[in-house]
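Please look at the sequence and the structure before reading on.

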Amino acid sequence: MTVINPIEEAEALADKLSGLDLAGRLSFVAGLGGRVVFTTSLGIEDQVISAEIGTHRLPIDVVTLQTGRLFPQTLALIDETESQYDIHITRYEPEQADIDAYAAKYGMNGFYESVEARHACCGVRKLKPLARALAGATIWITGLRRGQSANRAETPFAEYDAERHLLKVNPLADWDIDRIKAFVADNGVPINPLHARGYPSIGCEPCTRAIKPGEPERAGRWWWEQDEKRECGLHVAEEAVSIAVQQ
């Protein structure tokens with residue numbers, strides 16, 4: 001019996017994807033079998049992927065984490081994207097019991113008070129819904145790019161997610177923001193109007209601000225924290241996030 005090493009499988013997939021264009025990467029992954037899930041935050045990168053999935057009618061489940069604190073512009077973009085590409089974007093929301101428990105312990109906006117509280121909020125509103133969204137998936141597609149932050153500079157085309165026991169594919173890993181913007185302009189891809197107001201990375205409304213000239217793309221996320229590697233835990237595992245999700 002041949003035992004397939006998932007790490008080696010991911011490395012082989014990454015090598016294969018490196019030689020394909022975006023449509024080819026998505027088509028190849030969609031043809032591997034099993035449930036393939038793309039999680040979109042409706043950011044400009046994710047809109048490029050949604051456009052390709054819809055345009056090429058690829059059998060990929062498109063889902064989003066509707067945290068309950070998103071910008072109105074983001075919510076409107078979900079509907080617009082579904083209409084333009086004739087796709088369905090499944091919304092995964094946090095459980096009300098989890099929100100109530102968080103508010104009782106930290107206060108509804110307690111995430112401003114400590115890193116622990118912020119990670120706990122991300123755990124309730126993002127990580128737990130993500131676990132439901134990826135249930136039964138064999139491949140998880142994301143819009144991660146190497147140019148988004150120093151923390152993501154080594155993003156591979158494919159990797160094995162040992163925590164979730166699936167292959168994680170990042171088909172835009174080698175795209176820079178200029179290439180993203182050119183694709184959007186050339187193909188009429190709908191994007192969040194907040195991008196034009198200085199929001200290159202858009203998350204929950206209370207936790208996102210416009211960036212200043214010269215700041216990294218993700219500087220507007222959780223801007224009150226000092227850690228330059230700050231993440232919510234969806235893509236970069238952090239001990240605090242792990243603790244928060246288990247509460």
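## Terms and basis

Two strands are said to pair if DSSP finds at least two bridges between them. Helices (H or I, at least four residues) and strands (E, at least two) are DSSP runs, numbered from the N terminus.

This is a predicted model, in which local features need pLDDT of at least 70, side-chain atom pairs count only at pLDDT 80 or more, and totals for chains, interfaces and linings use all residues. Residues are numbered from 1 along each chain as its sequence is written, and side-chain values use heavy atoms, with hydrogens and water left out.

## The sheet

Six strands form an open sheet of mixed pairing, in the order E3-E2-E1-E4-E6-E5. Its edge strands, E3 (89-92) and E5 (158-161), each pair on one side only.

Within this sheet, E4 runs parallel to E1, joined by four bridges, and parallel to E6, joined by three bridges. Ile 141 of E4 stands opposite Phe 38 and also opposite Val 169 in E6.

## Helix H2

Which residues of helix H2 (residues 22-30) are buried? They are Leu 22, Ala 23, Arg 25, Leu 26, Val 29 and Ala 30. Seen down the axis of H2, these buried residues fall within an arc of 165° (taken from the directions from the helix axis to the C-beta atoms), so they line one face of the helix.

The cover over the buried residues of H2 includes helices H1 (6-18) and H3 (44-55) and strands E1 (35-39), E4 (137-141) and E6 (166-169).

Technical notes. Buried < 20%, exposed > 50% of the residue type's maximum accessible area, 1.4 Å probe, protein only. Contact = heavy atoms within 4.5 Å.
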